[in-house]
Amino acid sequence: MLRIIFFSLFTILHLGFSPLLSQIKESGPIITGYGEVWRIKNPDFKTNPAKEYKVVFDVMNTSESPDKLNRSIETAARFLNMHAQSGVPHSNLKVALVVHNKASKDLLKNSEYRSRYNTDNPNEELLQNLLDAGTEVIFCGQSSISRNIPISETIDGVELALSAMTALIQLQDDGFQLIKF
């Protein structure tokens, strides 16, 4: 009897979830190695590939462990990859990160990060890939001073702003939509 119940349950689960199990998350085509997403076939709410998508991510938190990737930063890679996989041209994707508070450390160059945390910066490669893909990475000047992270110690390409608040206001005034996790 137990064998029949087990077999029946296995069959229901296998048949019911097999379409989901056959799918895998994929990174790319814009940011490879990061930002894996599921492909969604035939959604009811269609993504308009002709639309320009302007988004700003408010990144203030970080991983508890200094050797772990900041998943809030990786969200920008997910945004780029999922839209590109869905047919939106890279030229229609405008992405900015405004980084402040605890996430400030994630902007440090490897040498600076290593001297403070005794490990490589797990975010450096991802941030460089995002910068190379045209993402603006904006660092809060107030956090720079309060957290003792001068712009000169951050990854090349990071821009310094007066404050995260100022950058968020200006970007939203320029048509960027705020995403905060």
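Helices (H or I, at least four residues) and strands (E, at least two) are taken here as DSSP runs, numbered from the N terminus. The model is a predicted one, so local features need pLDDT of at least 70 and side-chain atom pairs count only at pLDDT 80 or more, while totals for chains, interfaces and linings use all residues. Residues are numbered from 1 along each chain as its sequence is written, and side-chain values use heavy atoms, with hydrogens and water left out.

On that basis the protein comes out with 6 helices and 5 strands, running α-β-α-β-α-α-β-α-β-α-β from the N terminus on. Of its 181 residues, 40% count as buried, where buried means under 20% relative accessible area, exposed over 50% and partly exposed in between (1.4 Å probe, protein chains only). Contact means heavy atoms within 4.5 Å. Among contacts with a separation of 6 or more, 70% join residues 24 or more positions apart.

A handy place to start is threonine 75, which sits in helix α2 (residues 71-85). With a relative accessible area of 9%, threonine 75 is buried. Setting aside neighbours within four places in sequence, threonine 75 is in contact with Phe57 and Phe181. Its C-alpha atom lies 10.0 Å from that of leucine 97, 22 residues apart along the chain. Leucine 97, for its part, touches residues including Phe57, Ile73, Ala76, Leu130 and Val137, not counting those up to four places away in sequence.

Now to the nonpolar cores, each a set of buried Ala, Val, Leu, Ile, Met, Phe, Trp, Tyr and Cys residues joined through side-chain atoms within 4.5 Å. The largest has 33 residues, and Ile31, Phe57, Leu97, Leu126, Leu130 and Val137 have the most contacts inside it. At least two residues of this core come from each of β1 (53-59), α2, β2 (93-99), α4 (124-132) and β3 (136-140). The biggest giver is α2, with 6 residues. A second, separate core of 11 residues includes Val56, Leu168, Leu171 and Phe176.

Helix α2 also packs against α4: their axes come within 10 Å and cross at roughly 40°. Axes are lines fitted to C-alpha atoms, for helices over the stretch in contact, with angles from 0 to 180 degrees between N-to-C directions. The two helices are therefore oblique to each other, since angles under 35 degrees count as roughly parallel, over 145 as roughly antiparallel, 65 to 115 as roughly perpendicular and the rest as oblique. Ile73, Glu74, Ala76, Ala77 and Leu80 of α2 meet Leu126, Leu127 and Leu130 of α4 in this contact.
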